Amino acid sequence: MNRQKYGLAALLFFLAGTSLLAYGIETLGILSKNKIVVTTLATTGPNYEVVFGQLKLKGQLPDTSLDFDVSGVMIADNGSNTMEDYLHQHYRAFGDYFVITEKTVGIKQSDNPDFHPLIEIIDWRHIDKFLFWLTVFFNLLLFILARVCYKKYVLRKKGGQLNAP
């Protein structure tokens, strides 16, 4: 009977870890075609550095002979007011990460000779570093517990087969 408890615990820990991982993937917009992860920059070039989503941006750009630098984005004037207000109110958020739901509206040249995607921010969300790393740690813990319970389940199953007449 104890063997079944370990099997059930392993299954529950694995399902909980997989669910938390799926939630993280959805929250960060990894599978969404118009969500990117950016961080603030203290330069006169692009407004934000693209941390995740360069390939998504390349797919949205028009076909021209210009070379694009998709490691940074320029923000259209009508889309950044609330995010800029947030950054000014929470000055410690500079250098933090944001998930942005965006729409590419064109290209724009920055102060250097590079062209960057010009995006309009539809929606944005601040990523809390503490909560992010706590979630990652908890997710790893769930998968480790699933592995430990599964190992005990397998060992008890083998032990039960060896003692059988």
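Trainee: How many aromatic pairs does the structure hold?

Mentor: This is a predicted model, in which local features need pLDDT of at least 70 and side-chain atom pairs count only at pLDDT 80 or more, while totals for chains, interfaces and linings use all residues. Residues are numbered from 1 along each chain as its sequence is written, and side-chain values use heavy atoms, with hydrogens and water left out. Rings of Phe, Tyr and Trp (its six-membered ring) pair if their centres lie within 6.5 Å. By that rule, the number of aromatic pairs in the structure is 4.

Trainee: What kind of pair do the rings of F132 and W133 make?

Mentor: A pair of aromatic rings is described by the distance of the centres and the angle of the planes. Planes under 30 degrees apart count as stacked, over 60 as edge-to-face and the rest as tilted. The centres of F132 and W133 lie 5.0 Å apart and their planes stand at 80°, so the pair is edge-to-face.

Trainee: Is W133 buried or exposed?

Mentor: Buried means under 20% relative accessible area, exposed over 50%, and partly exposed in between (1.4 Å probe, protein chains only). F132 has 31% relative accessibility and therefore counts as partly exposed. W133 has a relative accessible area of 55%, so it is exposed.

Trainee: What pattern does the chain follow along the sequence?

Mentor: Helices (H or I, at least four residues) and strands (E, at least two) are DSSP runs, numbered from the N terminus. The chain has 4 helices and 5 strands. Read along the sequence, their pattern is α-β-β-α-β-α-β-β-α.

Trainee: How far does helix α1 reach from its first C-alpha to its last?

Mentor: Helix α1 covers residues 2–28, which makes 27 residues. The expected span of a helix is 1.5 Å times one less than its number of residues. For α1 the expected value is 39 Å, and the model comes close to it, with a reach of 39 Å.

Trainee: In what order do the strands close into a barrel?

Mentor: Two strands pair if DSSP finds at least two bridges between them. The barrel has 5 strands with mixed pairing, and their order is β1-β2-β3-β5-β4.

Trainee: What angle does the direction of α1 make with that of β5?

Mentor: Axes are lines fitted to C-alpha atoms, for helices over the stretch in contact, and angles run from 0 to 180 degrees between N-to-C directions. Contact means heavy atoms within 4.5 Å. Helix α1 packs on the sheet and touches β1 (35–40), β4 and β5, and its direction makes with that of β5 an angle of about 135°.

Trainee: Over how many bridges do β4 and β5 pair?

Mentor: The two strands form a hairpin with 5 residues between them. In this pairing, I107 stands opposite P117, and K108 has H116 as its bridge partner. Strand β4 (residues 97–109) and strand β5 (residues 115–127) run in the antiparallel sense, and their bridges number 12.

Trainee: In what sense do β3 and β5 pair?

Mentor: I75 stands opposite I119 in β5. Strand β3 (residues 72–75) and β5 are joined over 2 bridges, and the sense is parallel.

Trainee: The side chain of H116 reaches the backbone oxygen of which residue at 2.9 Å?

Mentor: H116 is found in strand β5, and at 1% relative accessibility it counts as buried. A polar contact is a pair of N or O atoms within 3.5 Å; within protein, one must be able to donate a hydrogen and the other to accept it, and residues adjacent in sequence count only if both atoms are side-chain atoms. The H116 side chain reaches the backbone oxygen of G72 at 3.4 Å. At 2.9 Å, the backbone oxygen reached belongs to D69.

Trainee: How far apart in space are D77 and I119?

Mentor: D77 lies in the loop between β3 and α3 (81–89) and is exposed, with a relative accessible area of 67%. In sequence, D77 and I119 are 42 residues apart, while in space, C-alpha to C-alpha, the separation is 9.4 Å.

Trainee: What share of the 165 residues is buried?

Mentor: Among contacts between residues at least 6 apart in sequence, 66% join residues at least 24 apart. Of the 165 residues in the chain, the buried ones make up 29%.
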